Amino acid sequence: MELKGRVVVVTGGTRGVGAGIARAFLTAGADVVVCARRPPERPVAAGGREAAYTAVDLREPAAVEAFFDEVAGHHGRLDCLVNNAGGTPYRLLGEGGAERHARVLALNLIAPMTASIAAYPWLRESRGSVVMTGSVSGTRPSPGTAAYGAAKAGLENLARSMAVEWAPEVRVNSLVLGMVRTELAHLHYGDEAGLAAVGATVPLGRLAEPSDVGEAAVFLASDRAAYISGAALLVHGGGERPAFLDAANVNKEN
């Protein structure tokens, strides 16, 4: 229970990747608060312990500041913020207009910045850390989710700048995620056959589980990562096999 006594906030921690992260911190002994606009269908729990839930719209700065003041006031401290809330529907740039794409940017880039700034005084006091939940969509072309990819690229740069500005009191790192199997994975990859086919394109042979992401987040928040800041940890199962290798008609295995 290496994080016993630590207090962790996971935004968007009520389902999917966020719930996996919250459960990993609970297992590590931390007191966990998850926030989202809507409550989970059932409490996020692990090892006989439950995460507390608070309703917050991360796009409202005043509400975000009040939320972090409440968490720190109740627990007496804040040790880690995991900026996980985000996501996007599939939408080509020519569809829906700029306003819809701007909302994706607001949720995936502006909201994490808002939360980080609100949490900063408490994290500085505890010499804590921030973990950004990024994506490989921010490091490669992201057709159909271009605004999301742009936001995730900006988020990684924001994390690197924060790591310099807020050092040495607060460490800031990013998790760069590949494809994760969540309850909404079918919206992106299809049915079980589609999920299996997509997983087969990953060098490790499967999609990530939310628990895989959670373990990586716990590591970055723990004392084992005490000298890691401004880093981006790839959690993508080895990445993607380059398409040209399969298209070429030479150097093929028999």
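Okay, let's start with a glycine: leaving aside residues up to four places away in sequence, Gly144 touches Pro89, Tyr90, Arg91 and Leu92. Keep in mind that this is a predicted model. Where does Gly144 sit? You'll find Gly144 in the loop between strand S7, residues 129-135, and helix H4. Take Pro89 from that contact list: in sequence, Gly144 and Pro89 are 55 residues apart, while C-alpha to C-alpha they are 8.4 Å apart in space. And is Gly144 buried or exposed? Its relative accessibility is 6%, and the cut-off for buried is under 20%, so Gly144 counts as buried.

A pair of rings gets described by how far apart the centres are and by the angle of the planes. How many aromatic pairs do we have here? The count comes to two.

One is Phe67 with Phe68: the ring centres are 5.0 Å apart and the planes sit at 65°, so we call that pair edge-to-face. The angle cut-off for that label is over 60 degrees. As for burial, Phe67 and Phe68 are both buried.

Then there's Tyr120 with Trp166. Here the centres are 4.2 Å apart with the planes at 25°, and since stacked means under 30 degrees, this pair is stacked.

How values were computed:
Residues numbered from 1 in each chain as written. Predicted model: local features only at pLDDT ≥ 70, side-chain atom pairs only at ≥ 80, totals over all residues. Heavy atoms only, no water. Phe/Tyr/Trp six-rings, centres within 6.5 Å; stacked < 30°, edge-to-face > 60°. Buried < 20%, exposed > 50% of the residue type's maximum accessible area, 1.4 Å probe, protein only. Helix = DSSP H or I, 4+ residues; strand = E, 2+ residues; numbered from the N terminus. Contact = heavy atoms within 4.5 Å.
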